[in-house]
Amino acid sequence: MGEADMRRGSRRAALAAALAALAATSSVGAQSPDELWELRAGAWDRSVAAEQAGRVLEADQILERGWGAQSDSYEVSVRRAWLNLKLERYEQAAELYRHAIPLPGAGPEATQGLASSLAAKGDQHLADGNTEAAISAWKTAVQTDPSRSATRDAIHAAEDRRPLRPEAWLGYAFRKSGGPAWGGWAVFAQLPVLATRSLSFRGAIRHVRIGRMLPGTSTGAGRGRGSSGAEETESQTELFLGAGYEKKWFGAEVLGGTILPSYEDTGWIAASRLRAGYTWGANVTAAGVHRQFGWGGQVLPTAFVWPAPWLGLAAGPRITADPKGTAVSGFAGVTLRGKSLSAIVSGHVGTERYPVYIEAPSILTLAEDARWGGTATVMFGLSDTLQLGVQGQFERIRWEETDGAYGTVSVGLQYLPRM
């Protein structure tokens with residue numbers, strides 16, 4: 001007996017067992033076993049023949065007429081679910097898979113098929129422009145079958161593509177480089193707007209204000225002698241406008257802005273980013289910064305890879321050239337993505353001068369040279385539309401020929417409005 005004959009024999013045995021159960025428990029029990037076999041097994045064989053001939057709808061209808069809308073046979077229920085999946089009747093397919101899962105003899109294909117139906121329904125919602133419904137269906141699919149990495153990618157891509165994604169951050173900033181320490185506050189806000197599925201625009205503002213108390217000066221003599229101090233402050237505001245174009249395998253962005261410090265003339269910034277690749281590839285960020293000493297250029301080429309849907313890695317050198325000289329640093333970053341928590345940790349070793357970060361546009365404005373340091377950002381999902389962020393940054397710096405440190409601690413909210 002060949003393998004195909006053995007499979008047919010096993011299938012007929014399973015159908016015969018299902019028929020025996022039906023004969024004992026249903027209204028068709030009055031029929032003889034031969035009549036039941038002809039009704040049920042004949043329907044199965046005719047359904048297979050219809051599917052092979054390309055008549056998928058007819059194949060499903062034959063089984064429904066022969067076995068009923070809710071069959072107690074696992075094999076029949078799964079087959080009908082599969083036929084409805086091929087017909088792109090995803091709700092009917094999901095209902096049939098759910099019916100099959102608790103039946104005797106159920107296997108993993110029922111659960112996997114249910115996840116496929118839900119994921120396909122999500123794809124259909126996305127094609128109809130209902131991104132929220134698509135995300136909901138995809139999340140249910142992943143909960144049903146956690147191995148669906150492609151569906152996880154679709155969720156992250158859709159959530160990144162919401163039409164509006166406003167966010168605002170408030171933090172404490174400090175700088176220590178000889179003498180009294182500087183301390184103050186910083187705010188950052190940006191509003192990305194998705195014009196189409198690929199084209200986006202955004203505006204951003206960042207303001208930092210720090211101060212320190214100057215040493216006291218003498219105001220008298222004898223018992224009436226005292227001291228008074230004055231506060232010295234510095235501030236800087238940065239304004240940015242940008243546009244981006246993103247596809248699965250390619251992305252590009254341009255950004256322009258102005259730098260308004262209280263301690264020197266207005267500065268300017270122009271930056272661009274190119275991406276090639278999806279689960280692996282390369283990013284190149286190039287920027288020009290104009291400060292009181294003139295124009296300086298930066299380039300940061302990085303290679304990236306996503307070895308798992310929840311893990312991203314990137315690394316590359318940042319090269320800076322300006323009237324003060326040339327500097328090179330090594331950059332590395334790690335991204336972690338979870339269901340309701342994500343984290344980005346990045347750092348560098350080597351000198352950077354006014355480095356540009358185009359993803360959240362800002363520049364390290366309160367230090368001339370950053371020798372080494374890093375940033376960690378963690379985002380917590382409070383709901384489907386609101387995320388809470390916590391960020392910390394620390395840099396070892398060189399400021400006015402003195403070594404020191406610079407850092408910020410910030411909290412922020414990101415709003416993801418429904419479509």
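Helices (H or I, at least four residues) and strands (E, at least two) are DSSP runs, numbered from the N terminus. The model is predicted: local features need pLDDT of at least 70, side-chain atom pairs count only at pLDDT 80 or more, and totals for chains, interfaces and linings use all residues. Residues are numbered from 1 along each chain as its sequence is written, and side-chain values use heavy atoms, without hydrogens and water.

Start at phenylalanine 250. This residue lies in strand 7 (residues 250-261).

Now turn to the helices. In helix 5 (residues 90-100), the buried residues are Tyr90, Ala93, Ala94, Leu96, Tyr97, His99 and Ala100. Their cover includes helix 4 (74-86) and helix 6 (108-127), with contact meaning heavy atoms within 4.5 Å.

The whole structure holds 17 salt bridges, each a side-chain nitrogen of Lys or Arg within 4 Å of a carboxyl oxygen of Asp or Glu. Glutamate 91 pairs with lysine 121 in one of them, the closest N and O atoms being 3.5 Å apart. Glutamate 91 is in helix 5 and lysine 121 in helix 6, so this bridge ties together parts 30 residues apart in sequence. Glutamate 91 is exposed at 54%, whereas lysine 121 is buried at 19%.

Glutamate 234 sits in strand 6 and arginine 175 in strand 1 (residues 167-176), 59 residues apart. Both count as buried, at 10% for glutamate 234 and 0% for arginine 175.

Technical notes
Buried means under 20% relative accessible area, exposed over 50%, partly exposed in between (1.4 Å probe, protein chains only).
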